[in-house]
Amino acid sequence: MPLPRIAAAPHAAVSRIAGPRVVVVAAAVGVAGIVGWTGAASASLSPAPPPGSQAPAPGLARYAGQHLDWGACPADATELIEAGAQCAQVTAPLDYSSPGGATIKLAISRIRAKDGAHRRGILLGNPGGPGGPGLDYTAYLKSAMKDAADPYDLIGFDPRFVGRSTPIYCGISPKAQPTHSRREAFEASVRNARDTARRCHEHGNNAALLPHASSRNVARDMDLIRAVLGERKLSYYGISYGADLGAAYTQMFPGRADRIVIDSVTDPALTQYENFQAAGAAQERGLDEWASWTAQRAAKYDLGRTPRQVRATVERLSSQVDRGPLRIGDYTMDASALGLILRQFVGTEEYNDVMARAVRNLADAAAGRPVEPTAELRMWLEVFNTPSPELDNQFNSGNAIFCGDGGWPAGGWPSDPEQYWRNIQRARATQPVFAATANAIFPCPFWKSEPREPGVDLGNRVPLLLLQAKRDNNVPYAGAVAMHRRLTGSRMISADIRSHGVYGRGADGLTPVPCADRVVNAYFRTGVLPATDLTCAHPGETR
């Protein structure tokens, strides 16, 4: 099983750029729209600067007219290299309201259009997060798009402060001390959140960078990339947080949005914390679905002969780890790690076997049997037991967006730590496995900088295609329906699967949803949305 791209948190892998060749690009294309507060592209939809902040200043033209040094992509970005991509760095203002001030670098990649005679323009991609690097994501997209990719220059990018785009680091977290009760574990999580906020503020020059971490600024960076590349519009595919980011872009820059596809979105009426909470019940339903599948294979996994017995095995395991970390081989697993690992496995129906073998493995370890973790479980245990600068960057650049957004898509966190505890306790009656994960505290109550702008409000007629799995338990289906209602120019493709992500699943080694893939690729080819919303049957079914 390949390491999945992780939505929300934690996140995925990293890349590097270099390059000698110089390309001169058009200077004057679309500069007025970049700030996203004023100008023809956004005047009626983007909010005015919040009280106490400065209005956007002139001076963005110098960024749009910059020269890019295109050259070889990093040696470890093998898929980009195989696709013939080149990489470069875009200079962007740290603060779009003061473009004459400090600057940051944005790492980008380009896979040139195969069909130059019918070139459409550029298509950006984002794999989710926040905190997920996307420099090499377009190599994955290219395989999913097939010939629909031919008229586009595919543009990958690491969002600001991620990967190779002026990354932020907060330093490695102190090793967690064992806890022996749910309350102890919660208090330890509060201490860790407070310590993370302190380290992130004090590390390097983060105090100057972190106030400018926000989804709005990532969307502005996307529009700057568009302008630097000399394009009047951009097309886009984003999944998970990347889908929400794409929706935000269409609100801030409606006149710059070309063919936009967003896959697996959150409810724009909720804060990020509330969206996480909504996922708890959905994850318990996913666990029930997995338990039913596993009970039918009792002879193979020996976890119970009925769905209730299988679920009881998981609940006993969870309760035991609440009382103290579990030793398995050379690793230890605490309650937080167990919840996150189960969440990743239960989110995708093709991982039923992986999860069943992992739970059998953990149940044996909990019974005191000498076992080694399964290969897939070991992969996740390595993530949680082996600190690295890459994970430091991915987790904490994500935290910076969570804590820097003033509302949807990634912000909105209660300031009182005890509210998280009360919500966990309240949820346990119906969410015995995922209550703590769905109500987990982040560093935001202790963050040293306040959001500089409000969240993004949705509500226009920009055409776009929205995809959602009906049994997505990371971002529940009801949230996508709510977004679809607000985006009145959208069409929605639903898929009857348990998955976080609908399009291009075959490129991830999962079962494709051919109905969805055909619709998305037809839209990228023609720009024509389906006449009505559609529901794709489970790939194992026929109509």
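This is a dialogue about how terms apply to one predicted model.

Tutor: Residues are numbered from 1 along each chain as its sequence is written. In this predicted model, local features need pLDDT of at least 70, side-chain atom pairs count only at pLDDT 80 or more, totals for chains, interfaces and linings use all residues, and side-chain values use heavy atoms, with hydrogens and water left out.

Student: How many helices and strands are in the protein chain?

Tutor: The protein chain has 18 helices and 13 strands. Helices (H or I, at least four residues) and strands (E, at least two) are DSSP runs, numbered from the N terminus.

Student: Why is phenylalanine 161 called buried?

Tutor: Buried means under 20% relative accessible area, exposed means over 50%, and partly exposed lies in between (1.4 Å probe, protein chains only). Phenylalanine 161 has a relative accessible area of 1%, so it is buried. Its phi is near 75°, a positive value in a residue other than glycine. Phenylalanine 161 sits in the loop between strand E6 (152-157) and helix H4 (182-202).

Student: Does aspartate 302 count as buried or exposed, and how do you know?

Tutor: Its relative accessibility is 57%, so aspartate 302 counts as exposed. Phi of aspartate 302 is near 55°, again positive in a residue other than glycine. Aspartate 302 belongs to the loop between helix H9 (298-301) and helix H10 (307-322).

Student: What share of the protein chain counts as buried?

Tutor: Of its 543 residues, 58% count as buried.

Student: Why are H11 and H12 called roughly antiparallel?

Tutor: Axes are lines fitted to C-alpha atoms, for helices over the stretch in contact, and angles run from 0 to 180 degrees between N-to-C directions. Angles under 35 degrees count as roughly parallel, over 145 as roughly antiparallel, 65 to 115 as roughly perpendicular and the rest as oblique. Helix H11 (residues 335-346) and helix H12 (residues 352-366) pack at about 155°, with axes 9 Å apart. H11 and H12 are therefore roughly antiparallel.

Student: Which residues make the contact of H11 with H12?

Tutor: Contact means heavy atoms within 4.5 Å. H11 brings Leu338, Leu342, Phe345 and Val346, and H12 brings Val354, Met355, Ala358, Val359 and Leu362. By class, nine are nonpolar, none polar and none charged. Ala, Val, Leu, Ile, Met, Phe, Trp, Tyr, Cys and Pro count as nonpolar, Asp, Glu, Lys and Arg as charged, and the others, Gly among them, as polar.

Student: Why is tyrosine 273 called buried?

Tutor: Tyrosine 273 has a relative accessible area of 3%, so it is buried. Tyrosine 273 lies in helix H8. Leaving aside neighbours within four places in sequence, its contacts include Gly412, Trp413 and Tyr420. Tyrosine 273 and glycine 412 are 139 residues apart in sequence, yet 6.3 Å apart C-alpha to C-alpha.

Student: How do you know that cysteine 403 counts as buried?

Tutor: Its relative accessibility is 5%, so cysteine 403 counts as buried. Cysteine 403 is in helix H14. Not counting residues up to four places away in sequence, it touches Pro443, Cys444, Trp447, Ser449 and Pro451.

Student: Which peptide bonds are cis?

Tutor: One runs from glycine 129 to proline 130, with omega near -5°. Another joins tryptophan 408 and proline 409, with omega about 15°. Proline 409 is in the loop between helix H14 (389-404) and helix H15 (417-427).
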